[in-house]
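Thanks for coming, everyone. I'll take the sheet, then the cores, then a single residue. Here is the model.

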Amino acid sequence: MASKGDNVAVCNMKLERLLSMKGGKGQDSYANNSQAQAMHARSMLHLLEETLENVHLNSSASPPPFTAVDLGCSSGANTIHIIDFIVKHISKRFASAGIDPPEFTAFFSDLPSNDFNTLFQLLPPLVSNSCMEECLAADGNRSYFVAGVPGSFYRRLFPARTIDFFHSAFSLHWLSQVPESVTDKRSAAYNRGRVFIHGAGEKTTTAYKRQFQADLAEFLRARAAEVKRGGAMFLVCLGRTSVDPTDQGGAGLLFGTHFQDAWDDLVREGLVAAEKRDGFNIPVYAPSLQDFKEVVEADGSFAIEKLVVYKGGSPLVVSEPDDASEVGRAFASSCRSVAGVLVEAHIGEELSNKLFSRVERRATSHAKDVLVNLQFFHIVASLSFT
């Protein structure tokens, strides 16, 4: 996949060594631009609870620790809140069954480029009491042991039959790579003139769909080896309601409108060559319910307890919706928090700054449309392993 000249495409890099949400605690960081994800996650807690009810509880006298994993944890506080929710709910189940709760272990997992330092700085202190009930009752502290696990969730990450519960939210729409054919000028799937597949040709979107389904199949095979009998998974990823994969819904509006137009601005202004733009593609695919279901059923390792499309709402959080400049800043910051690292790797920091300033300017001039039309839908899957 080596490219000639200086047009080094993102897909030609080792994506898993590069891809991450923007780290740190700055204005454009994921930690400060993930409030919408937090709201979406809270709105789905009742579905998470239903999945946790399906997890087998070990009632032996000396049970091993209950182990939960968040795959694609990123670097903000959202993952900590989810793990805390999981631990408390499982603890209540043990108490209701009259069983002493075991110790709890939580693994936070993401790609090696993830800002684990920021994440670990946000962790509350561990209560060192020997009594688990006292640990669980201590507000502002955590009642579980923690470890970070760097690596791609499209491969094995844990020993066989060691995990009770897998959680992954807002991550599985990220592909392991941009399909090779999409940035190959000799291919019918070459995504000329675009940086995302929203509105692209049929062969381009077919290449993306195949990549998504191949990746999801690898994900399921890895988890099927790692999860314990009686374990479960709760998965959330961007989805779409249209059967047409060229219509990527909210993801298409985020990456296929003002973000796309900003790239075109740089090309028109002579700051970026058209070929350089064409070598960049966002490695995201928002599947339909059928796209997702086909892979799970073909794999056969997990039983589908629930599989639904869930309306998440806008990814933007603004305090003054009538302030167009605030909407524009929020749009650009949201876009940069999730794609900024890839953009900088492709065109450098200076041009990246120019790109996102144009994203902000364009989103500001279309603020009302952005607020009304930028709505996300999610695929929510509750899967059990027997």
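Start with pairing: two strands pair if DSSP finds at least two bridges between them. Helices (H or I, at least four residues) and strands (E, at least two) are DSSP runs, numbered from the N terminus.

Some ground rules. This is a predicted model, where local features need pLDDT of at least 70, side-chain atom pairs count only at pLDDT 80 or more, and totals for chains, interfaces and linings use all residues. Numbering runs from 1 along each chain as its sequence is written, and side-chain values use heavy atoms, leaving out hydrogens and water.

The protein chain has 13 helices and 7 strands. The 7 strands make an open sheet with mixed pairing, ordered β3-β2-β1-β4-β5-β7-β6. What stands at the edges? β3 (145-150) and β6 (303-313) do, each with a single partner strand, so one side of each has no neighbour in the sheet. From one strand to the next, the twist averages 15°.

Now β1 (residues 66-71) and β4 (residues 163-169). They run parallel, joined by 3 bridges. V69 stands opposite F166 in β4.

Next, the helices on the sheet. Angles run from 0 to 180 degrees between N-to-C directions, with axes fitted to C-alpha atoms, for helices over the stretch in contact. Contact means heavy atoms within 4.5 Å. Helix α4 (residues 78-96) lies across β1, β2 (104-110) and β4, at about 150° to β2. Helix α7 (residues 202-226) lies across β1, β4, β5 and β7 (376-384), at about 155° to β5.

On to burial. Buried means under 20% relative accessible area, exposed over 50%, partly exposed in between (1.4 Å probe, protein chains only). Of the 386 residues in the protein chain, 55% are buried.

A nonpolar core is a set of buried Ala, Val, Leu, Ile, Met, Phe, Trp, Tyr and Cys residues joined through side-chain atoms within 4.5 Å. The largest one has 75 residues, and those with the most contacts inside it include F219, F255 and I282. Helix α12 (residues 324-365) gives the largest share, 15 residues. Apart from it lies another core of 32 residues, among them M44 and L123.

Last, T246. Where does T246 sit? In the loop between β5 (227-239) and α8 (249-255). T246 counts as buried because its relative accessibility is 18%. Beyond its neighbours within four places in sequence, T246 contacts I197, H198, G199, A200, G201 and T205.
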